[in-house]
Amino acid sequence: MTEQIERIMNMEERLDRVMKALQDLHIAMEQMNEVKEDVNALSDYYENGIWRQDYESDEAGMLPKDLKRGVLSQDAIYDILTEYDALGKQLKTDN
């Protein structure tokens with residue numbers, strides 16, 4: 001009887017972990033759907049040459065020094081777009 005109770009308790013813990021992970025994944029998927037427009041806008045900005053213009057203006061000292069400019073870093077947008085794409089592919093193949 002003790003072995004059976006331990007097994008049930010173990011499976012209950014596993015069930016709880018899976019349920020929590022699925023809930024978290026649903027929330028994360030909703031958040032990703034909410035930022036899809038942002039991802040598309042960043043992709044267009046990076047790929048159509050406007051990013052390069054802004055980057056060069058910053059390098060030339062033409063932008064205010066107190067302007068938040070993380071988007072102009074060499075890798076920020078590229079890394080985010082690459083990670084977004086990789087995550088999408090992983091979600092398609094991990095099922």
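The lining of the largest pocket is made up of 5 nonpolar, 2 polar and 1 charged residues (Ala, Val, Leu, Ile, Met, Phe, Trp, Tyr, Cys and Pro count as nonpolar, Asp, Glu, Lys and Arg as charged, and the others, Gly among them, as polar). The model is predicted, and local features need pLDDT of at least 70, side-chain atom pairs pLDDT 80 or more, while totals for chains, interfaces and linings use all residues. Residues are numbered from 1 along each chain, and side-chain values use heavy atoms, without hydrogens and water.

**Pocket**
- The residues lining the largest pocket are Met29, Met32, Asn33, Lys36, Tyr84, Leu87, Gly88 and Leu91.
- Helix H1 (2-34) and H4 each give at least two residues to this lining (helices are DSSP runs of H or I, at least four residues, numbered from the N terminus).
- H4 contributes the most, with 4 residues.

**Helices H2 and H4**
- The axes of H2 (residues 36-47) and H4 (residues 76-93) come within 10 Å and cross at roughly 130° (axes are lines fitted to C-alpha atoms over the stretch in contact, with angles from 0 to 180 degrees between N-to-C directions).
- Lys36, Val39, Leu42, Ser43, Tyr45 and Tyr46 of H2 meet Ile77, Tyr78, Leu81 and Tyr84 of H4 (contact means heavy atoms within 4.5 Å).
- The residues of this contact divide into 8 nonpolar, 1 polar and 1 charged.

Terms used:
On a 1 Å grid over the protein atoms alone, a cavity is a set of points where a 1.4 Å probe fits but cannot get out, and a pocket is an open set with protein on both sides within 12 Å along at least five of seven lines; lining residues have an atom within 4 Å of a point.
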